[in-house]
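These entries record what I looked up in the structure, residue by residue.

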Amino acid sequence: MKTEKSAKFFDRAMKVLVEGCSSASRGPLNYSPHPSYFKKGQGARLWDVDDNEFIDWQLSFGCLPLGHAHPKIVEVIREQVENGTHFATALEIEVEVAEMMVAMLGHVDKVRFANTGTEACMTAVRMARGITGKRKVLKFEGHYHGWYDGLLVSSNPQPVTTLGHPNDPVRIPDSSGLTPGSWEDTLVSVWNDIDALERILKIRGHEIACVMMEGAMSNMGVIPAKDGYLKQVQELCRKYDVLFYLDETVTGFRVAPGGAAELYGLQPDIVTYGKALGQGFPVAAIAGPDHIMESIEYGKVLHYGSHNAPRLGLYAVKAMLEEMTKDDNAGFRKITEIGEQMTTRLNAAARDAGQNMRVQNIGSMFHPVFTDLEEITGYRDFCASVDLGKYAAFAAGMREEGVFFTGNKILHNLSCTAHTQEDIDVSIAAATKVLHEMPK
Ligand SMILES: Cc1ncc(COP(=O)(O)O)c(C=O)c1O
C-alpha cells in the first residue's frame, strides 16, 4: 500500500486540524501511524490520495445503504442543486419524504427532521421529560446516543473492575467538561437483562421519563437483543408508565424497512433516525405517534435548527427510499444477505486459521471481535473479553490487502447494495490471508 501522499497530507493536517482530521475515530487513534486521506468513492469502492483502491465495508459508519455516488443520488442532487441548496422554509420535498416514512413505519404518525443523530437523541429526551414531567432517563451501559452532555455516560468500554455491581452500575462520564449536573438525571442499567430493568423500574419508575436504547447494541461491535428482550422491555415500560424510546440512528432503514421496530414487532413511543436515512447527507429525524409528536409544537418542548430538513439531503432520502424499497424491498434483502454471507464466511475463515475471532451480526451490520467467549451478549462480556488490539491489527492487515474494515475498534462494518459477489470473495480471501499471518 502506497502511503507517501497521505503521509504528506498528515504533516500538513497536523498543523491545522486537531489529530489531523475532524473526529478522533478517523485519525491516528485508529489509523496508525497516520490515516489515509481519501478523495473518491464509487459504488462499494474508495480511493485514497495515493491511488490505493479499497472495497469499503465502513461505509461512513452506516450512512450509505446504496454505497458511494449511486447514479440516482448523483442525478437528483445535480438536478436539485441548480434550484438552490437550502431555504429554511417549509419544503415540498419534506412533505413527500415524511409521507414516505410514515407509510413505511407502522409505529409513526409524524416526523420532525433534524441533521444528526446527536440532535435527534437530545430532542427525544427533552420531549420525554416534557411529556411525562419526570426528570430521569434510563440508558444502558455500552449504548451510545451521540455526544450531548446528558447522554455521554457509560458509552465506552472500560475495565470491568470499574463498572460496579450490575444492580447499580457505576456511571462513568465519557468526557471532561461535563458538569455532574448534566448527567445527574441519567440513570444507567445493564442491557439484555430483563430482570435488571424490572428491578430499577420497580424502584424508580415513578421518576423515569423514558427508557432509551439502541435497536441492537452497535457501538460495542454488534450485540443483538436476546430473543423477546425488546418486546419485554416495551411491556415493562407500559407497566411502569415510562416512555419507550428506541434510538434507531443505526438500525433504522437498515435492519428492515421499518428498522428494529419492524424486525422485533415493537411500537416504541419515540424513535430517532439518522445515518442510513440521509444516504450520506446529514439528515436525522425524530418520529412517533401523534400524541407524542405534538409535544414539539411551538410553546411546548423546543426544537429548532437552521439546517433542519436539509433540502438536498431530503432529495437523497427520497431516492434512497425508492431504491431500497423497489421490487418488494429488494435493497433491504440484498444488504442483509451480504451481511449474513460476510458473517458466516469470516467465522469460517477464523476457525480455519485457528484464530479466536467471532463475527456477530444483525443483517447488514457485522463485526469481528477477538474473544475466547462463544458469544458476546452484553457490554460486560465485551469489556472483559474482547482484545481490541487484535482487531486493530486485523483491520490494518485487511486495509493492506485493499479491504477497508473500519479502524474504529468498537464500531462495526456494514454492507451496501453496491457490494458484488466478487467484493465479498476478495474480502474473504484477504481475511483468510491476514488471519493466517496474524499471531494466535
Ligand atoms: C445509536 C446512535 N445514536 C446516536 C448517534 C449519534 O449520531 P451522529 O453521529 O449523527 O450525531 C450514533 C452515532 O454513532 C449512534 O450510533
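**Entry: Asp-247**

I looked up the side-chain partners of Asp-247 and found a polar contact with the side chain of His-145 at 2.8 Å. A polar contact here is a pair of N or O atoms within 3.5 Å; within protein, one atom must be able to donate a hydrogen and the other to accept it, and residues adjacent in sequence count only if both atoms are side-chain atoms. The side chain of Thr-272 makes a polar contact with the side chain of Asp-247 as well, at 3.0 Å.

I note for the record that this is a predicted model, in which local features need pLDDT of at least 70 and side-chain atom pairs count only at pLDDT 80 or more, while totals for chains, interfaces and linings use all residues. Residues are numbered from 1 along each chain as its sequence is written, and side-chain values use heavy atoms, with hydrogens and water left out.

Asp-247 sits in strand β8, residues 243–248. Helices (H or I, at least four residues) and strands (E, at least two) are DSSP runs, numbered from the N terminus.

Buried means under 20% relative accessible area, exposed over 50%, and partly exposed in between (1.4 Å probe, protein chains only).

**Entry: the ligand site**

I then listed the surroundings of the ligand. There are 13 residues around it, and Gly-117, Thr-118, Asn-219, Asp-247 and Lys-275 come nearest. A residue is near a molecule or strand if one of its heavy atoms lies within 4 Å of it.

By class, I recorded three nonpolar, seven polar and three charged residues in this shell. Ala, Val, Leu, Ile, Met, Phe, Trp, Tyr, Cys and Pro count as nonpolar, Asp, Glu, Lys and Arg as charged, and the others, Gly among them, as polar. Helix α5 (residues 117–132) gives the largest share of the shell, with three residues.

A backbone N or O atom of Tyr-144 is 3.5 Å from a nitrogen atom of the ligand. For Asn-219, a polar side-chain atom lies 3.0 Å from an oxygen atom of the ligand. Of the 390 Å² of accessible area that the ligand has on its own, the protein covers 84%; accessible areas come from the Shrake-Rupley method with a 1.4 Å probe, and for residues only the protein chains shown count as cover.

I returned to Lys-275, which lies in the loop between β9 (270–273) and β10 (284–288). Its phi is near 35°, a positive value in a residue other than glycine. Lys-275 is partly exposed, with a relative accessible area of 24%.

Asp-241 is not a glycine either, and I noted a positive phi of about 60°. Asp-241 belongs to the loop between α8 and β8; it counts as exposed because its relative accessibility is 61%.

**Entry: a cis peptide bond**

I found a cis peptide bond joining Ser-32 and Pro-33, with omega about 0°. Pro-33 lies in the loop between α1 (4–16) and β1 (38–42). Most residues other than glycine have a negative phi, and most peptide bonds are trans.

**Entry: salt bridges**

How many salt bridges does the structure hold? I recorded 19. One of them pairs Lys-239 with Glu-198, the closest N and O atoms being 2.9 Å apart. This pair links distant parts of the chain, 41 residues apart, with Lys-239 in helix α8 (residues 229–239) and Glu-198 in helix α7 (residues 194–204). Lys-239 counts as exposed, at 56% relative accessibility.

Glu-207 forms a salt bridge with Arg-204, where the closest N and O atoms are 2.8 Å apart. I noted Glu-207 as partly exposed at 24%, and Arg-204 as partly exposed at 29%.

Key:
Salt bridge = Lys/Arg side-chain N within 4 Å of Asp/Glu carboxyl O.
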